[in-house]
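User: I would like to go through the terms used for this model and the grounds for each. Please begin with the overall fold.

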Amino acid sequence: MPKTPRRHQEDLASLFSVAFSVLNQELHQRLDELGFGDIRPMHGFLFQGLIPDGATAKTLVELLGISKQAVSQMLDYLEERGYVARKPHPSDGRGKLVVLTERGQAVIKAKESTYAKIERKWGEIVGPDRLNMMRSDLKRIIESVNEGDVPQKLRPTW
């Protein structure tokens with residue numbers, strides 16, 4: 001593996017970005033091997049909004065911070081490939097609820113298993129205590145954003 005350019009070795013934002021890329025590349029390589037090669041990184045953020053009981057398209061728009069059309073296109077893509085289904089909303093007669101299908105649940109399980117393997121590998125590199133400390137520190141940083149008077153909506157970026 002080539003050395004990381006020096007500018008990435010000192011810039012925390014770049015280190016987070018490159019580490020996320022390493023994680024994503026390994027995840028998607030494994031998903032491809034398992035028959036989920038049509039899943040893209042952006043789909044993972046949408047899947048998170050569907051766990052555990054589904055969501056409306058409006059909820060997904062708010063969660064992802066993208067247009068209704070973009071969410072609709074992603075849902076069409078995932079529905080055509082068998083990952084999600086649109087069902088009548090149980091309490092809104094005009095609305096639809098988007099839920100994971102068995103295939104959608106299978107890709108979530110594959111993602112979780114792969115992330116666990118990656119985290120174990122990273123724990124071998126830096127040590128499990130340091131990895132847990134990093135996780136705890138990142139949680140504290142994220143939680144501190146919403147300690148003020150005006151809570152902020154934190155959205156994934158891609």
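Analyst: Along the sequence, the protein follows the pattern α-α-α-α-α-β-β-α-α, with seven helices and two strands. Helices (H or I, at least four residues) and strands (E, at least two) are DSSP runs numbered from the N terminus. The model is predicted: local features need pLDDT of at least 70, side-chain atom pairs count only at pLDDT 80 or more, and totals for chains, interfaces and linings use all residues. Residues are numbered from 1 along each chain, and side-chain values use heavy atoms, without hydrogens and water.

User: Why is α3 called oblique to α4?

Analyst: Helix α3 (residues 41-50) and helix α4 (residues 57-64) pack at an angle of about 125 degrees, with their axes 10 Å apart. Angles under 35 degrees count as roughly parallel, over 145 as roughly antiparallel, 65 to 115 as roughly perpendicular and the rest as oblique. The pair α3 and α4 is therefore oblique.

User: What makes α2 and α6 oblique to each other?

Analyst: The angle between α2 and helix α6 (residues 102-126) is about 130 degrees, and their axes are 10 Å apart. By the same cut-offs, α2 and α6 are therefore oblique.

User: Why does L15 count as partly exposed?

Analyst: L15, which lies in helix α2 (residues 12-33), has 36% relative accessibility. Buried means under 20% relative accessible area, exposed over 50%, and partly exposed in between (1.4 Å probe, protein chains only). L15 is therefore partly exposed.

User: What percentage of the residues count as buried?

Analyst: Of the 158 residues of the protein, 25% count as buried.

Definitions and conventions. Axes are lines fitted to C-alpha atoms, for helices over the stretch in contact, and angles run from 0 to 180 degrees between N-to-C directions.
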